[in-house]
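Student: I have the sequence and the model open. Can we go through the helices, the strands and the ligand shell one at a time?

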Amino acid sequence: MQVYLDNNATTPLDPEVVEEMLKHFRDDFGNASSIHSYGQRARAAVEEARQKVAALIGAQPREIVFTSGGTEADNTALRGIATWHRKKGNHIITNTIEHPAVLRTCQQLEKEGFQVTYVPVDNQGIVRLEDLRKAIKPQTILISVMHVNNEVGTIQPVDEIARIARENKILFHTDAVQSVGKIKVDVKALRVDLLTLSGHKIHGPKGVGALYVRQGTRMNPLLYGGSHERNRRAGTENVPGIVGLGKACELAAGCLDDFQGRVRFLRDKLETEILRRIPDIVLNGNPNFRAPHVSNITFRYIEGEGLLVSLDFKGIAVSTGAACSSGSVEPSHVLTAMGRNSELASGAIRFSLSRMNIEKEVDYLLETLPGIIDRMREMSPLYRAAK
Ligand SMILES: Cc1ncc(COP(=O)(O)O)c(C=O)c1O
């Protein structure tokens with residue numbers, strides 16, 4: 001049996017998305033900027049997709065800027081705001097558990113003369129609002145805090161953070177790559193200025209995403225060239241990708257209830273049964289403020305990578321939060337920021353579900369996992385020393 005439980009890394013394409021995209025690879029191949037009918041068909045498709053993306057997040061279509069994915073949208077938001085508002089101030093606030101698309105961009109901006117405050121999180125991965133308030137300076141121009149964390153699924157209080165930002169006349173960006181299409185995201189209710197989303201986390205194509213930019217927000221583009229995307233993002237539109245993203249958003253809008261009901265039920269079953277069947281485990285994240293499709297669990301006395309490989313032999317795909325850099329495995333920066341020591345961080349596994357998972361798959365995982373853990377612990381010197 002093949003069981004894919006790594007949907008926060010990427011999701012399988014929905015066949016309906018593929019169908020819509022194929023039309024634009026095969027027949028309607030025009031450049032959306034061309035005036036002839038080929039171009040007009042491409043333009044119409046791009047604008048229809050823009051409406052679908054906007055509808056999913058409660059935005060106006062003109063507030064949607066198509067990008068090459070979540071990474072580019074994050075880079076555009078941070079660099080675009082930072083460089084435009086530099087005269088007003090050079091201070092940015094983010095936090096320690098952001099995706100590298102935000103963290104590394106902030107580190108680069110620091111090299112370019114900006115100051116960045118990385119606000120800590122509590123041991124369940126929630127940004128400490130008091131610390132965030134204290135970090136605000138007269139020079140602060142932007143706050144960026146993700147909506148749902150990709151490793152542990154924790155939901156940040158972005159509406160409250162947006163309010164703090166607004167009260168202090170600071171722009172607010174949220175990376176919503178892991179929340180859009182999974183929980184309700186409404187840019188008007190959250191009152192964010194900028195929001196990042198990505199196609200391949202919601203059964204759409206890779207290499208396409210969008211940045212919501214509240215109307216009237218002044219910023220620089222990341223890429224210079226033609227006047228595409230109202231001068232916010234130069235480059236010939238990736239029409240098949242954009243069409244795929246639009247279709248994925250349309251389908252996602254109809255599946256939010258499924259996430260809250262069936263997907264949440266499957267995640268809860270997976271988690272409660274693992275907790276019941278396997279001793280010496282630690283749940284990572286906030287059990288109450290958490291997206292319905294993610295469970296991050298530390299299996300003590302074992303290495304997450306070893307468990308990942310053993311599960312892969314049985315046809316089950318999961319992930320660890322660890323990052324491979326220059327040949328060595330670094331423990332997850334998210335779990336480390338949540339105060340987990342290296343032993344707890346290195347035994348962590350992320351299970352992430354999608355609307356395409358079924359109960360039989362969770363049952364197969366639950367049958368397979370306890371035996372693997374037993375065998376790995378029998379061989380673990382750490383386990384023998386502790387018991
Ligand atoms: C929270 C978050 N932000 C940004 C990204 C990057 O998105 P993309 O893969 O579309 O560049 C990801 C992807 O893993 C993510 O999980």
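Student: Which elements are included in what covers the buried residues of α11?

Tutor: This is a predicted model. The buried residues of α11 (residues 304-313) are Gly304, Leu307 and Leu311. Their cover includes β10 (294-299), β11 (316-317), α13 (342-346), β14 (348-352) and α14 (359-378).

Student: Within what arc do the buried residues of α11 fall, seen down its axis?

Tutor: Gly304, Leu307 and Leu311 are the buried residues of α11. They line one face of the helix, because seen down the axis they fall within an arc of 60°.

Student: Which residues are exposed on the other side of α11?

Tutor: One side of α11 carries the buried residues Gly304, Leu307 and Leu311. On the other side, the exposed residues are Val309, Asp312 and Phe313.

Student: β14 was part of that cover; which strand does β14 pair with in the antiparallel sense?

Tutor: β14 is itself mostly covered, with 5 of its 5 residues buried. Ala348, Arg350 and Ser352 point one way, while Ile349 and Phe351 point the other way. Val294 stands opposite Ser352. The antiparallel pairing runs over 5 bridges, and the partner strand is β10.

Student: How many residues of β6 are buried?

Tutor: Leu171, His173 and Asp175 point one way from β6, and Phe172 and Thr174 the other way. In a regular strand, side chains alternate between the two faces of the sheet. In β6 both sets are buried. The strand is therefore largely enclosed by the rest of the structure, the buried count being 5 of 5.

Student: What is the bridge partner of Leu142 in β6?

Tutor: β5 (residues 140-144) and β6 run parallel and are joined by 3 bridges. For Leu142, the bridge partner in β6 is Leu171.

Student: Which helix gives the most residues to the shell around the ligand?

Tutor: The ligand is surrounded by 14 residues, the closest being Gly69, Gly70, Thr71, Asn150 and Ser198. The shell divides into 3 nonpolar, 9 polar and 2 charged residues. The helix that gives the most, with 3 residues, is α3.

Key:
Residues are numbered from 1 along each chain as its sequence is written. This is a predicted model: local features need pLDDT of at least 70, side-chain atom pairs count only at pLDDT 80 or more; totals for chains, interfaces and linings use all residues. A residue is near a molecule or strand if its C-beta atom, placed from the backbone, lies within 6 Å of it. Helices (H or I, at least four residues) and strands (E, at least two) are DSSP runs, numbered from the N terminus. Ala, Val, Leu, Ile, Met, Phe, Trp, Tyr, Cys and Pro count as nonpolar, Asp, Glu, Lys and Arg as charged, and the others, Gly among them, as polar. A residue is buried if 20 or more other C-beta atoms lie within 10 Å of its own, exposed if 12 or fewer, and partly exposed in between; C-beta atoms are placed from the backbone. The arc is that of the directions from the helix axis to the C-beta atoms. Two residues are in contact if their C-beta atoms, placed from the backbone, lie within 7 Å. Two strands pair if DSSP finds at least two bridges between them.
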